[in-house]
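Dear colleague,

Please find the structure we discussed handed over below. My notes on what was found in it follow directly after.

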Amino acid sequence: MSGDLEVSALAINVTIPQSLRWTDTRRGETFTLTTLNVRLLPDGRLAAKAYGRPVSGGRGGYVSFTVPDRPELAALIADAAGRAGALWAAHRGLG
């Protein structure tokens, strides 16, 4: 069965530690980025987008931001993907 099974997406959400957070501006509003959405692509590579809240408060829109090319963020993403993989591998089934 597993050979015929098609999994279309694997994604995890990762909280960005306070020390690694940054701000970015979109549509005239500044956001503090607090969460990463990391996806495992079909070819085995990872893709990530950042999400956050407006600095001015409130919920704001669901707006994605590019993750800066910083070694500490790349390490966070790789560590989170490894941890998620271990958790998936150790699943105990439904219920």
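A nonpolar core, as the term is used here, is a set of buried Ala, Val, Leu, Ile, Met, Phe, Trp, Tyr and Cys residues joined through side-chain atoms within 4.5 Å. Please bear in mind throughout that this is a predicted model.

**The core**

By that definition, the largest nonpolar core has 18 residues. Those with the most contacts inside it are V14, W22, L36, A50 and V67. Strand β1 (10-15), strand β3 and helix α1 (71-89) each supply at least two residues of this core, and α1 gives the most, with five residues. As general background, nonpolar side chains tend to be buried together in soluble globular proteins.

Apart from residues up to four places away in sequence, A50 touches W22, L33, T35, L36, V63, S64, F65 and V67.

**The helix**

The length of α1 agrees with expectation: at 1.5 Å a residue, its 19 residues should span 27 Å, and the C-alpha atoms at its ends are 27 Å apart. Which residues of α1 are buried? They are L73, L76, I77, A80 and A84. Seen down the helix axis, the buried residues fall within an arc of 95°, so they line one face of α1. The general rule behind such a pattern is that an α-helix has 3.6 residues a turn, so residues three or four places apart point the same way.

The cover over the buried residues of α1 includes β1, β2 (22-26), β3 and β4 (46-54). On the other side of the helix, P71, D79 and A89 are exposed. R83 also belongs to α1; this arginine counts as exposed because its relative accessibility is 52%, and the cut-off for that class is over 50%. Between R83 and S64 there are 23 Å in space, C-alpha to C-alpha, for a separation of 19 residues in sequence.

**The strands and their turns**

β2 and β3 pair in the antiparallel sense over five bridges, and T23 has T32 in β3 as its bridge partner. These two strands form a hairpin with two residues between them. R27 lies in the loop between β2 and β3 and has a positive phi of about 50°, although it is not a glycine. In general, most residues other than glycine have a negative phi. R27 counts as exposed because its relative accessibility is 76%.

β3, which covers residues 29-40, is also joined to β4 by nine bridges, and the two run antiparallel. One of the bridge pairs is L40 with L46 in β4. The hairpin of β3 and β4 has five residues between the strands, and G44 takes a positive phi near 95° there.

β4 in turn pairs with strand β5 (residues 65-66), again in the antiparallel sense, over two bridges. Here the bridge partner of K49 is T66 in β5.

Is N37 buried or exposed? N37, found in β3, is buried because its relative accessible area is 19%, and the cut-off is under 20%. The side chain of N37 is joined to that of N13 by a polar contact of 2.9 Å. Leaving out residues up to four places away in sequence, N37 touches A11, I12, N13, A47, A48, K49 and Y51.

A11, one of those contacts of N37, lies in strand β1. A11 counts as partly exposed, with a relative accessibility of 48%. Beyond its neighbours within four places in sequence, A11 is in contact with N37, V38 and R39. The C-alpha atoms of A11 and G85 are separated by 11 Å, although the two residues are 74 residues apart along the chain.

**After the helix**

R92 is found in the segment after α1. R92 is exposed, with a relative accessible area of 82%. R92 and T25 are 67 residues apart in sequence, and their C-alpha atoms are 42 Å apart in space.

With kind regards

Conventions
Residues are numbered from 1 along each chain as its sequence is written. This is a predicted model: local features need pLDDT of at least 70, side-chain atom pairs count only at pLDDT 80 or more; totals for chains, interfaces and linings use all residues. Side-chain values use heavy atoms; hydrogens and water are left out. Helices (H or I, at least four residues) and strands (E, at least two) are DSSP runs, numbered from the N terminus. Buried means under 20% relative accessible area, exposed over 50%, partly exposed in between (1.4 Å probe, protein chains only). A polar contact is a pair of N or O atoms within 3.5 Å; within protein, one must be able to donate a hydrogen and the other to accept it, and residues adjacent in sequence count only if both atoms are side-chain atoms. Contact means heavy atoms within 4.5 Å. The expected span of a helix is 1.5 Å times one less than its number of residues. The arc is that of the directions from the helix axis to the C-beta atoms. Two strands pair if DSSP finds at least two bridges between them.
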